[in-house]
Amino acid sequence: MTAETVKTNLLGLTQSKLEEFFISIGEKKFRAQQVMKWIHHFGVDNFDEMSNVSKALRERLKVCAEIRGPEVVSCDFSADGTRKWVVRVASGSCVETVYIPDGKRGTLCVSSQAGCALDCSFCSTGKQGFNSDLTVAEIIGQVWLAAKSFNNVPARSDRAITNVVMMGMGEPLLNFDNVMDSMNLMMDDLGYGLSKRRVTLSTSGVVPAMHRMVGLTDVSLAVSLHAPNDALRNELVPINKKYPLKELLAAIHDYMSTLSDKNRVVTIEYTLLKGINDQPEHAEQMIALLRDVPCKINLIPFNPFPGSGYERPSNNAIRRFQVMLLEKGFNTTVRKTRGDDIDAACGQLVGQVQDRTRRSARYRDQQQQNSGAEPVKVMGMAS
Ligand code: SAH
Ligand code: SF4
């Protein structure tokens with residue numbers, strides 16, 4: 001392709017960037033509003049359908065611009081209504097997007113990276129290694145294509161997608177700018193019009209980036225805690241060695257205390273691993289740790305994947321842990337496992353990552369040595 005033929009993908013532009021684009025081609029900036037509505041409210045990817053845009057401008061746009069979502073490789077439906085899309089991104093890797101209906105709520109779980117560099121010990125995405133950051137078009141494109149697939153874009157009533165959580169593959173705060181622009185589009189009335197309470201960013205604790213969020217966004221925050229002391233967290237969530245609990249708690253406080261709405265609380269995610277972090281002593285430490293943190297706690301029973309080396313605790317153990325927290329006044333829920341018949345549950349998302357870190361190969365070798373048996377299948381692009 002020559003420089004002249006590289007088209008700008010308008011799907012990934014926030015309102016201000018789309019305005020800049022129109023100004024750069026000598027057009028009025030109000031065109032941005034018209035085009036954004038066509039893209040995000042009506043799911044249009046063909047300029048000819050933009051009936052309030054002049055024919056001459058449509059022809060110009062066809063030459064210099066495009067509206068291109070990620071390529072859908074597959075779409076699976078679970079018996080419980082959960083849907084999972086596998087989409088291919090520019091780097092050649094595939095990532096996953098999951099839709100979880102629950103009564104009137106429909107939550108879309110969106111990926112931010114192909115793979116993840118952080119290697120939490122119980123997460124199958126981490127075992128894939130890392131390939132690439134997703135572009136804004138690839139992140140918002142997941143919302144765009146899901147909304148289109150429901151024929152249920154915001155311009156129509158009865159919205160299927162009421163919430164978005166950045167809890168798919170990847171660590172969103174390690175793809176900071178693209179994730180911020182994407183969440184901006186999710187909340188923009190010209191985009192998907194979701195309220196700040198219904199867009200949630202989940203992080204494993206990239207502390208400097210959490211401080212950077214202050215004043216830049218006001219989305220809901222979820223933090224993956226998983227361990228109530230530094231020694232255990234260092235093992236389960238290795239980024240804790242760089243940013244230990246004290247710093248993490250300070251960053252949570254920094255972000256939450258500057259939100260204008262003082263009733264909002266941080267969600268603490270805690271994946272329960274049998275015999276590892278599910279004992280009464282862990283609940284007690286958690287109670288002490290979170291004493292002054294306005295929060296709700298979401299316990300996630302571990303979702304197994306081949307060769308993980310971890311097990312899900314019994315329902316009794318999960319309940320015992322929950323009750324200890326409830327009794328101390330913590331609003332504590334247990335996340336329902338959804339879509340496990342299509343491998344769509346938390347931590348089961350693998351996509352097809354062209355690993356640049358060699359971690360997936362090391363993991364495969366290690367599994368093979370441990371079992372002395374057939375290699376564990378860790379999905380990766382056939383090369
Ligand atoms: N990288 C971000 C967001 C993606 S993971 C983060 O870590 O917060 C979304 C949630 O699923 C995180 O809380 C993560 O720790 C959890 N998770 C990962 N693997 C899991 C597994 N196998 N079972 C249950 N939860 C898991
Ligand atoms: Fe990355 Fe989150 Fe998985 Fe940790 S839990 S490896 S941060 S995706």
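Predicted model: local features only at pLDDT ≥ 70, side-chain atom pairs only at ≥ 80, totals over all residues.

Reader: Let us start with α1 and α2. At what angle do their axes cross, and how close do they come?
Author: Helix α1 covers residues 15–24 and helix α2 covers residues 31–41; their axes cross at roughly 120° and come within 8 Å. That angle makes α1 oblique to α2.

Reader: And what is the handedness of the crossing of α1 and α2, right-handed or left-handed?
Author: The crossing of α1 past α2 is right-handed.

Reader: Which residues of α1 and α2 meet?
Author: From α1, the residues are Gln15, Leu18, Glu19 and Phe22, and they meet Arg31, Ala32, Gln33, Val35 and Met36 of α2. By class, this contact of α1 with α2 divides into five nonpolar, two polar and two charged residues.

Reader: Moving on to α10 and α11: what is the angle between them, and how far apart are their axes?
Author: Helix α10 (residues 280–289) packs against helix α11 (residues 315–327) at an angle of about 30°, and the axes are 10 Å apart. Angles under 35 degrees count as roughly parallel, so α10 is roughly parallel to α11. The crossing of these two helices, α10 and α11, is right-handed.

Reader: Which residues make that contact?
Author: On the α10 side they are Pro280, His282, Ala283, Glu284, Met286 and Ile287, while α11 contributes Arg320, Phe321, Met324 and Leu325. The residues in this contact of α10 with α11 comprise seven nonpolar, one polar and two charged.

Reader: Now the ligands. How many residues surround ligand 1, and which are the closest?
Author: Ligand 1 has 20 residues around it, and the closest are Gly170, Ser202, Ser224, His226 and Asn303.

Reader: Where does His226 place its polar side-chain atom relative to ligand 1?
Author: A polar atom in the His226 side chain is 2.6 Å from an oxygen atom of ligand 1.

Reader: What about the nitrogen atoms of ligand 1?
Author: A backbone N or O atom of Asn303 lies 2.9 Å from a nitrogen atom of ligand 1.

Key. Residues numbered from 1 in each chain as written. Chains lettered and ligands numbered in written order. Heavy atoms only, no water. Axes fitted to C-alpha atoms, helices over the stretch in contact; angles between N-to-C directions. Helix = DSSP H or I, 4+ residues; strand = E, 2+ residues; numbered from the N terminus. Parallel < 35°, antiparallel > 145°, perpendicular 65-115°, else oblique. Left-handed = near helix turned anticlockwise from the far one by under 90°. Contact = heavy atoms within 4.5 Å. Nonpolar A, V, L, I, M, F, W, Y, C, P; charged D, E, K, R; others polar. Near = heavy atom within 4 Å. Polar contact = N/O pair within 3.5 Å; in protein donor to acceptor, adjacent residues only side chain to side chain.
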